[in-house]
Amino acid sequence: MTSNQALADWVRDVAALTQPDRIHWCDGSQAEYDALIADMLQTGTLIELDQETRPRCYLHRSDPSDVARTEHLTFVCTPERDDAGPNNQWMDPTEAHAKVDALFAGAMRGRTLYVVPYCMGPLDSPLARCGVEITDSPYVAASMRIMTRMGRPALERIEREGSFVRGLHSLGDLDPERRFIMHFPQELLIKSIGSGYGGNALLGKKCHALRIASYQARQEGWLAEHMLIMGVEDPQGRLHYIAAAFPSACGKTNMAMLIPPVEYRGWKIHTIGDDIAWLHVGDDGRLWAINPEAGFFGVAPGTSRHTNANAVDMLQHDTIFTNVAMTADRRPWWEGLSDETPAFDWQGRPYDPANGPAAHPNSRFTVSAKQCPSWSPAAELASGVPITAIIFGGRRASLAPLVLEAKSWQHGVLMGAAMASETTAAATGKVGVTRRDPMAMQPFCGYHFGDYWAHWLATGARLSKAPGIYQVNWFRRDAQGRFLWPGYGENLRVLKWIIERCQGAVDAAHTPVGNLPLRGGIDLTGLDVSHDDMRELTHIDPQAWLTEMDEVAGFLHGFGPRVPQVLHDERERVSHGLRNITAG
């Protein structure tokens with residue numbers, strides 16, 4: 001089925017190990033997708049939703065023990081433990097192969113082995129990279145068609161270039177005790193067994209596009225990042241692209257599909273991607289980005305007309321929903337979508353509030369990016385798009401201002417390395433516990449964070465026209481616990497200031513921790529945000545920031561001698577400036 005001998009040999013060897021009943025090479029055609037859907041409807045893997053109101057939409061219910069990424073069962077397997085770093089769970093490659101191959105033995109008996117060739121990024125882009133996933137899950141095969149450029153064209157590129165990332169996946173028996181997601185960066189190889197959940201099973205996504213690709217990127221001189229990519233176009237037609245990293249529950253997808261407020265008529269948002277960015281230094285000295293994905297694998301709960309109308313609109317057809325609830329007339333439902341009461345919860349039980357939320361909190365939708373009303377054809381550009389600004393975000397009730405500009409690329413890398421969010425009561429039972437998530441890559445960086453930050457610094461040194469780096473915080477509260485900033489579409493006002501700063505069009509207030517908007521710098525027209533609120537939103541407490549810098553010092557030291565001295569020096573520069581303020 002292929003002229004690539006290495007691929008043919010690998011498929012043969014995997015089939016000998018896993019012993020499937022049949023082998024199917026995916027071509028990515030509509031007919032093939034329709035057949036996969038029909039098969040899953042017949043077996044009950046999918047449930048057909050109301051085809052009048054949700055044409056070609058289906059519901060998948062995963063095993064109740066298999067509903068999210070399993071970080072404690074996710075390993076980076078390098079010959080030297082320190083290469084994986086304290087940010088990863090490590091296992092010796094020889095031990096890992098033996099452990100997981102024993103579970104793969106005979107795992108596909110009675111099933112079909114699907115060979116899924118795919119391309120991460122536009123098929124004609126030199127910035128794209130290819131992979132092949134072998135899986136026994138038709139749900140995975142169908143989802144990979146939505147999430148990647150999958151099928152015959154990807155296989156033809158693999159045959160031309162010869163190189164590809166290998167991903168082996170099997171549902172196994174779905175026993176959590178026999179579930180592992182193993183990454184072998186130096187072999188460009190992933191092995192995942194015992195899970196059908198997206199992040200563990202759609203191997204082109206986090207496993208390839210971040211964990212393996214981050215290693216590839218360091219070797220090849222680019223960056224693989226957990227970032228959205230969006231274009232902001234002003235009424236004069238000037239277009240600027242922004243890449244932004246946010247930890248979970250910080251509004252990443254909402255920002256990627258932002259709808260401008262009524263006061264910003266004439267402004268347009270161009271959605272390139274909501275989750276992953278591959279960033280390359282261009283010949284012109286600028287940073288260029290592609291979205292390696294072709295679809296969205298988004299969290300459903302909280303998605304509504306108010307929070308993300310573009311997302312609601314794109315989910316009206318040709319969507320696979322996973323672990324959402326269902327109404328009596330077979331429409332998908334989740335908390336935040338509407339005020340109605342569903343008939344069935346995510347496990348298919350008659351809905352009873354005593355059983356918890358109707359939709360699983362991590363329930364998902366899988367949909368083609370092209371269905372998003374704000375999707376931009378620039379997502380298919382082989383060159384990628386040029387990045388004007390990089391944003392790091394987090395959830396902080398205090399300390400972090402609404403927006404902060406880094407003083408340099410080095411300072412910006414420190415900002416990203418020190419990224420933090422405070423937990424909520426719903427998540428942990430404790431409020432305000434600060435968790436650091438550098439560049440939002442804590443679960444996804446495929447190697448030692450110290451080396452990763454050094455690579456960021458080296459990338460910056462190659463840029464003659466580096467993007468500005470910024471930190472934002474949509475979640476600052478006042479003493480009464482009220483959110484000071486309305487968020488959602490109003491965040492465009494902050495993006496406007498960021499773009500103006502990158503153009504040198506507005507001045508800023510300079511502080512040791514970064515540069516802030518001056519009074520009037522953020523347009524408040526039509527907003528119920530007072531100048532007192534803005535003063536609080538842009539306030540820097542030197543003593544609190546000194547404490548923060550002390551905590552950052554401890555965090556960085558936890559990664560040992562591989563942390564670049566530049567980051568320690570930057571942190572000390574910030575602290576020195578803060579001490580001068582408190583002493584004065």
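Let me start with histidine 60, which stands opposite threonine 322 in E18; please keep in mind throughout that this is a predicted model. The strand pairing around E18 is parallel, with three bridges joining strand E3, residues 58–60, to E18.

Stepping back, these strands belong to an open sheet of five, ordered E2-E3-E18-E21-E17, in which the pairing is mixed. Strand E2, residues 46–48, and E17 stand at the edges with a single partner strand each, so one side of each is left without a neighbour in the sheet. From one strand to the next, the twist averages 25°. Helix H2 packs on this sheet, where H2 touches E2, E3 and E18, and the direction of H2 makes about 95° with that of E2.

H2, which covers residues 30–43, also has a helical partner: its axis and that of helix H5, residues 138–147, come within 10 Å and cross at roughly 145°, and the crossing is left-handed. On the H2 side the contact involves Gln30, Tyr33, Leu36, Asp39 and Met40, which meet Pro138, Tyr139, Ala141, Ala142, Arg145 and Ile146 in H5.

Finally, helix H10, residues 305–314, is mostly covered, with seven of its ten residues buried, among them Asn308, Asn310 and Met314. What covers those buried residues includes helix H9 and the strands E17, E18 and E21, which brings us back to the strand E18 where histidine 60 has its opposite residue, threonine 322.

Note on methods
Residues numbered from 1 in each chain as written. Predicted model: local features only at pLDDT ≥ 70, side-chain atom pairs only at ≥ 80, totals over all residues. Heavy atoms only, no water. Axes fitted to C-alpha atoms, helices over the stretch in contact; angles between N-to-C directions. Helix = DSSP H or I, 4+ residues; strand = E, 2+ residues; numbered from the N terminus. Left-handed = near helix turned anticlockwise from the far one by under 90°. Contact = heavy atoms within 4.5 Å. Buried < 20%, exposed > 50% of the residue type's maximum accessible area, 1.4 Å probe, protein only. Pairing = 2+ DSSP bridges.
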